[in-house]
Amino acid sequence: MVSRSFAIVGAGFSGAVVARQMAEAGHTATVYDTRPHVAGNCFTARDETDVMVHVYGPHIFHTQHQHVWDYINRFGEMMPYRHTVRAMVGGTMYRMPMNLTLINDFFGTQFTPEEAEAFVTSKADATITNPVSFEDQALRFVGRELYEAFFAGYTKKQWGVDPTELPASILARLPLRFTADDSYFNHPFQAIPRNGYTPIVQAILDHPNITVHLNTRFNKSQSGSFDHVVWTGPIDAYFNFEHGRLGYRTLDFVKEVHDGDFQGCPVLNYCDVDVPYTRITEHKHFAPWETHEQTVTYREYSRLCEENDTPYYPIRLVKEKDQLLNYVQRARDERNVTFLGRLGTYRYLDMDVTIHEALQAASGMLSAIADGSEIPSFFTDPIGVA
């Protein structure tokens, strides 16, 4: 087998996993990242309080994929973690996601599961048979009171537009339970790394066939020095924003240090529209196996991403989808470049899906090399996935 050389742009999970798979197959991978650290938005670090801080916001690892669970456990110790979220509405704290406890607390009732389901069904707007907007979807399932209390204001702050302008797909899987279970996720594997995500990505990249360049921007003129480029940066940036910048929401964090325990839970959503921030996260609760005298909180403010901001959530409204189509068509005309990951395919991806797709892409690349065929530009169609 002739060794191939790969340039991997981005040292987050997508880039790191592909680099590792290529390296273990005998190829060389040179990884570039403009930040001073690996792990992308999953970057974690201990601050002056010794609390492990999720620097770009909380990341909870949860998956139904056994092979993804096995993969991440190769590179670090994963600690069992059950994620819970609370919501503040009108000065009262409720347990999320929407479940039997929340319904009874909000309406001042003592419903059984069957009674609660019948009650919410009676509140739901049965006239909405084909929900188009976020608001349609919410009204169809839970009715106006629950929608306005828990979704309308929070969504407006998070996305910067009225919920009537957002597609129903954003709320397609409305979390609604008629039990007291307040676990935020229901995947069989849920955990957070004992030592944070950064050492795991460092371990993935620790291979003699991998070279990492941080604080370094990859220039397209360097492509000729490699057999193939894997681009996990923004797809519009690769084409120098020829069709305009794709829309993202970004987050501003206001960090505070307190003594003791600040809010008693890892995440507290503030649903009222007149509260300017969307939520407060308390980071020591993401490592319940540790004990700390002080605590670190982040107040999160959502706004439109500008040129020098960190992109978090792809907007993917009509304008952005049209732009994306233009970029995807351009990408398919490129040779020896594969676009991958959250930014490379302009999709919101959980960590487990990122790893799953990176493993799939690496397998596809290795098969193409073995067959002597061309490596495709995409292994997941970004247009066909909402």
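A: In this predicted model, the sulfur of Cys 265 has its closest cysteine sulfur in Cys 271, and because 12 Å lie between the two, they are too far apart for a bond. A disulfide is a covalent bond between the sulfur atoms of two cysteines. The cut-off applied here is that the two sulfur atoms must lie within 2.5 Å of each other, and the structure holds 0 disulfides. Cys 305 is likewise in no disulfide, since the cysteine sulfur nearest to it, that of Cys 42, is 17 Å away.

The protein chain has 10 helices and 17 strands, and of its 386 residues 56% count as buried. A compact globule with 386 residues would have a radius of gyration near 21 Å, and the protein chain has 22 Å, so the two values agree. Taken along the principal axes, the C-alpha atoms fill a box of roughly 70 × 50 × 35 Å. The chain exposes about 17,100 Å², of which carbon and sulfur atoms supply 47%. Among the contacts in the chain with a separation of 6 or more, 73% are accounted for by residues 24 or more positions apart.

Helix α10 covers residues 351-371, and at 1.5 Å a residue its 21 residues should span 30 Å, which agrees with the 30 Å between its end C-alpha atoms. Just after α10 comes Gly 372, which takes a positive phi of about 75 degrees. Within the helix is Asp 352, which counts as buried because its relative accessibility is 4%. Leaving aside residues up to four places away in sequence, Asp 352 touches Phe 61, His 62, Thr 63, Gln 64, His 65 and Val 68. The C-alpha atoms of Asp 352 and Gln 64 are separated by 8.5 Å, although the two residues are 288 residues apart along the chain.

Thr 338 lies in strand β17, which covers residues 337-339, and its relative accessibility of 0% is why Thr 338 counts as buried. Again not counting residues up to four places away in sequence, Thr 338 touches His 228, Val 229, Val 230 and Trp 231, together with Met 365, Ile 375, Pro 376, Ser 377 and Phe 379.

Other strands come together in a sheet. In the order β8-β7-β13-β14-β15-β12-β16, 7 strands form an open sheet whose pairing is mixed. Its edge strands are β8, residues 92-96, and β16, residues 313-314, each of which pairs on one side only. At the β8 end, strand β7, residues 85-89, pairs with β8 in the antiparallel sense over 5 bridges, and there Arg 86 stands opposite Arg 95 in β8.

Conventions. Residues are numbered from 1 along each chain as its sequence is written. This is a predicted model: local features need pLDDT of at least 70, side-chain atom pairs count only at pLDDT 80 or more; totals for chains, interfaces and linings use all residues. Side-chain values use heavy atoms; hydrogens and water are left out. Two strands pair if DSSP finds at least two bridges between them. Helices (H or I, at least four residues) and strands (E, at least two) are DSSP runs, numbered from the N terminus. Buried means under 20% relative accessible area, exposed over 50%, partly exposed in between (1.4 Å probe, protein chains only). Contact means heavy atoms within 4.5 Å. The expected span of a helix is 1.5 Å times one less than its number of residues. The radius of gyration is taken over C-alpha atoms; the globule rule is 2.2 Å times the number of residues to the power 0.38. Accessible areas come from the Shrake-Rupley method with a 1.4 Å probe; for residues, only the protein chains shown count as cover.
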